[in-house]
Amino acid sequence: MEATDGEDIEDLPPSAKLVFKVLEYDGPLTQKQIVEESMLSARTVRYALERLEEIGIVDEDIYFADARQSLYRLEEPVAADGSGVEESPKKDACCAE
C-alpha cells in the first residue's frame, strides 16, 4: 500500500477511519450501505471514501445489481497501524502437542 504525501490511515479524520472499519467488517458495500451502517451523512461518507481512495486503501468497482452505484472494497488487508497484515503460521490441529 502506498500512501500519498506521507499520509497514512492514522492521519485520516475519524469519519474516514469509521468508513474503513465498516468496510473491513462488512466487506464490499455501496455508498448507501455505508451510510446506513455507519450512520454518517452521505456527504461525510463521500468525503471519507475520497480520502481513502487517495491513499490507495479503497477500490471503487461497478455494482452490477445497480449500475448507477459503485461498490467500495478494501484494496488489501491492512492493520490498524496502516501496515500490511501478515498471516501468522497456523498449527495443525491434529498434531497439537
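Helices (H or I, at least four residues) and strands (E, at least two) are taken here as DSSP runs, numbered from the N terminus. The model is a predicted one, so to speak of local features a pLDDT of at least 70 is needed, side-chain atom pairs count only at pLDDT 80 or more, and totals for chains, interfaces and linings use all residues. Residues are numbered from 1 along each chain as its sequence is written, and side-chain values use heavy atoms, with hydrogens and water left out.

Of its 97 residues, 28% count as buried (buried means under 20% relative accessible area, exposed over 50%, partly exposed in between, with a 1.4 Å probe and protein chains only). Contacts are heavy atoms within 4.5 Å; among those between residues at least 6 apart in sequence, 53% join residues at least 24 apart.

Next come the helices. Two packed helices are described by the angle between their axes and the distance between the axes. The axes are lines fitted to C-alpha atoms, for helices over the stretch in contact, and the angles run from 0 to 180 degrees between N-to-C directions. Angles under 35 degrees count as roughly parallel, over 145 as roughly antiparallel, 65 to 115 as roughly perpendicular and the rest as oblique.

H1 (14-26) and H3 (42-54) pack at an angle of about 80°, with their axes 8 Å apart. That makes H1 roughly perpendicular to H3. On the H1 side the contact is made by Ser15, Ala16, Val19, Phe20 and Leu23, and on the H3 side by Thr44, Val45, Ala48, Leu49 and Leu52. Sorted by class, this contact has eight nonpolar, two polar and no charged residues (Ala, Val, Leu, Ile, Met, Phe, Trp, Tyr, Cys and Pro count as nonpolar, Asp, Glu, Lys and Arg as charged, and the others, Gly among them, as polar).

H1 also meets H2: their axes come within 10 Å and cross at roughly 105°, so these two helices are roughly perpendicular to each other as well. Here Leu18, Val19, Val22, Leu23 and Asp26 of H1 touch Ile34, Glu37 and Ser38 of H2. By class, that gives five nonpolar, one polar and two charged residues.

H2 itself (residues 31-38) has Gln31, Ile34 and Ser38 as its buried residues. Seen down the helix axis, they fall within an arc of 55°, so they line one face of H2; the arc is that of the directions from the helix axis to the C-beta atoms. These buried residues pack against H1, strand E1 (29-30), H3 and strand E3 (70-74). The face turned away from them carries the exposed Lys32 and Glu36.

Met39, in the loop between H2 and H3, has a positive phi of about 65° although it is not a glycine, and at 74% relative accessibility Met39 counts as exposed. Ile57 sits in the loop between H3 and strand E2 (58-62); at 1% relative accessibility, Ile57 counts as buried. Ile57 and Leu74 are 17 residues apart in sequence and 5.7 Å apart in space, C-alpha to C-alpha.
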